[in-house]
Amino acid sequence: MNVKALLDRQRTYFRSGATKSVDFRIHQLETLKKVITEHEKDFVEAIYQDFKKPEFETYATELGIIHDEINLMIKNLDKWTQKQSVSGSLVNFPSQNYTVAEPYGTVLIIAPWNYPVQLALLPMVGAIAAGNTVIIKPSELTPNTSEAIAKVLGKWFKEEFVAVVEGGVETNQELLAEEFDYIFFTGSTRVGKIVMEAAAKHLTPVTLELGGKSPCIVDETADLETAAKRIIWGKCINAGQTCVAPDYVLVQEKATAGLLKNLRSAIAEFYGEDPQKSPDLPRIVNDDHFQRLKGYLPEGSIYCGGETDSDDRYISPTILTDIPPKASVMEEEIFGPILPVLTYSEIGEAIDFVNSKPKPLAFYVFTEDEKNESLLLNSCSFGGGSVNDVVAYLGNPDLPFGGVGKSGMGTYHGKASFDTFSHTKSIMKKNLWLDIPFRYAPYDGKLKWIKKILK
Ligand code: NAD
């Protein structure tokens with residue numbers, strides 16, 4: 001694929017103005033909806049080939065979310081593309097003032113492997129709703145899904161509008177050497193830095209949706225049975241290969257035994273006595289990640305789970321306790337079905353622990369004590385999160401989704417997506433019937449008046 005030539009074609013197409021009308025954008029969004037419906041089986045099968053993700057999870061966490069986002073865009077696009085009036089200021093009287101959302105131009109979307117369809121197509125929805133052209137680079141670690149995305153989008157969209165460039169690190173480097181109008185990257189903090197450095201060479205704006213260790217705090221007032229079910233659900237969906245999965249649990253010492261017992265019961269309830277036989281637990285994406293995860297198991301005591309099968313890249317849902325603070329399972333993002341459970345006695349200890357680490361993407365609190373809830377939410381900085389649940393908050397498109405600090409910058413989903421892929425242009429239209437000469441030189445005698453107006 002000649003990246004330069006493709007980019008030139010997209011630029012020419014964008015400059016023709018073809019992508020800008022609301023009718024065009026809605027038509028393309030409807031086409032994408034049709035694509036996802038007609039090729040649902042292709043996507044389900046490709047993701048299954050890549051890491052045995054069950055169809056329910058593929059629909060609930062990938063395809064269904066994209067449908068929802070498209071519906072929201074189509075419903076609101078007319079409103080969001082209108083001029084938005086703002087009030088005028090005294091110094092500019094008389095004038096009309098407004099903002100208008102304009103597309104950036106040609107957008108590069110770089111996707112990771114863990115939700116390989118959702119994380120490629122959800123940003124695409126925002127980018128085309130905002131009137132841009134798009135180049136998508138899916139992850140090479142899920143080759144079947146990457147191929148399916150390229151094949152399906154290639155069939156339905158013109159390359160000068162939406163193109164898929166498949167490949168690995170070298171392809172990405174080739175893309176990043178070019179000048180895009182916007183780069184939307186989802187992936188690791190390590191590669192996020194590489195992307196930002198490349199973008200800086202052209203002063204290209206970026207959104208970085210990165211990862212990290214998302215803590216989950218359970219205090220002594222929490223409903224332990226529900227907490228355990230929701231934590232295990234969030235940890236085991238996609239086999240823990242989820243950017244907002246609860247990475248580790250900090251539980252108040254009085255609740256520790258109860259929580260552990262309930263966590264074990266939840267695993268057995270969801271996946272049976274031998275989770276390897278369950279059709280509902282995906283596998284680890286590749287051998288490197290499998291070996292990395294297996295390496296964490298001896299770092300603590302195995303409370304339950306701990307079984308592995310390298311031929312099947314299977315790791316059973318595992319609860320680890322008694323973990324030394326410097327263990328790598330507490331230093332690196334886990335990204336697998338292994339849950340370290342650590343204990344605290346005072347709430348301040350839990351806060352200090354979270355704040356001693358990079359700002360997380362997500363933060364979860366299980367409590368029925370409003371004082372603890374507000375203390376925890378106000379004392380820690382994080383991208384987003386929830387009280388008495390995990391992960392599911394990102395299914396609400398009215399909540400902008402994104403990280404802070406090392407977990408990323410910028411947000412998307414719903415209106416936030418439209419705003420992310422739009423430049424807000426500010427316009428003031430001045431009337432001609434009045435031209436107060438106050439601002440013009442000579443300034444003699446005017447300073448005291450400007451000080452009265454602007455103070
Ligand atoms: P990754 O950073 O390894 O790869 C992401 C993309 O970058 C891929 O398309 C890959 O081809 C490319 N890439 C890899 N190395 C590169 C290099 N040296 N130079 C240029 N490009 C390169 O991430 P991953 O392993 O695919 O995904 C897992 C990570 O993504 C986790 O950290 C996870 O938390 C994060 N993530 C974040 C979100 C979010 O929304 N914040 C969502 C999913 C995953």
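Reader: Where does alanine 239 lie?
Author: This is a predicted model: local features need pLDDT of at least 70, side-chain atom pairs count only at pLDDT 80 or more, and totals for chains, interfaces and linings use all residues. Numbering starts from 1 along each chain as its sequence is written, and side-chain values use heavy atoms, without hydrogens and water. Helices (H or I, at least four residues) and strands (E, at least two) are DSSP runs, numbered from the N terminus. Alanine 239 sits in the loop between helix 9 (224–236) and strand 9.

Reader: Is alanine 239 buried or exposed?
Author: Buried means under 20% relative accessible area, exposed over 50%, partly exposed in between (1.4 Å probe, protein chains only). The relative accessible area of alanine 239 is 0%, so this residue is buried.

Reader: What is phi of alanine 239?
Author: Most residues other than glycine have a negative phi. Alanine 239 is not a glycine, yet its phi is positive, near 55°.

Reader: Histidine 413 also has a positive phi. What is its relative accessible area?
Author: Histidine 413 is found in the loop between strand 17 and helix 14 (415–420). Its phi is about 90°, although it is not a glycine. Histidine 413 counts as buried because its relative accessible area is 3%.

Reader: At what angle do the axes of helix 3 and helix 4 cross?
Author: Axes are lines fitted to C-alpha atoms, for helices over the stretch in contact, and angles run from 0 to 180 degrees between N-to-C directions. The axes of helix 3 (residues 40–51) and helix 4 (residues 55–81) come within 10 Å and cross at roughly 115°.

Reader: How is helix 3 oriented to helix 4?
Author: Angles under 35 degrees count as roughly parallel, over 145 as roughly antiparallel, 65 to 115 as roughly perpendicular and the rest as oblique. By that scale, helix 3 is to helix 4 roughly perpendicular.

Reader: Which residues of helix 4 make the contact with helix 3?
Author: Contact means heavy atoms within 4.5 Å. Helix 3 brings Glu40, Lys41, Phe43, Val44 and Ile47. Helix 4 brings Glu55, Thr58, Tyr59, Glu62 and Leu63.

Reader: Which residues of helix 12 are buried?
Author: An α-helix has 3.6 residues a turn, so residues three or four places apart point the same way. In helix 12 (residues 347–355), the buried residues are Ile347, Ala350, Ile351 and Val354.

Reader: Within what arc do the buried residues of helix 12 fall?
Author: The arc is that of the directions from the helix axis to the C-beta atoms. What covers these residues includes strand 8 (215–218), strand 14 (338–344) and helix 13 (370–379). The buried residues line one face of helix 12, because they fall within an arc of 100°.

Reader: How far apart are the C-alpha atoms of valine 391 and glycine 234?
Author: Valine 391 is in the loop between strand 16 (384–387) and strand 17 (408–409). Its contacts, leaving aside neighbours within four places in sequence, include Trp233, Gly234 and Tyr364. Valine 391 and glycine 234 are 157 residues apart along the chain, but their C-alpha atoms are separated by 6.0 Å.
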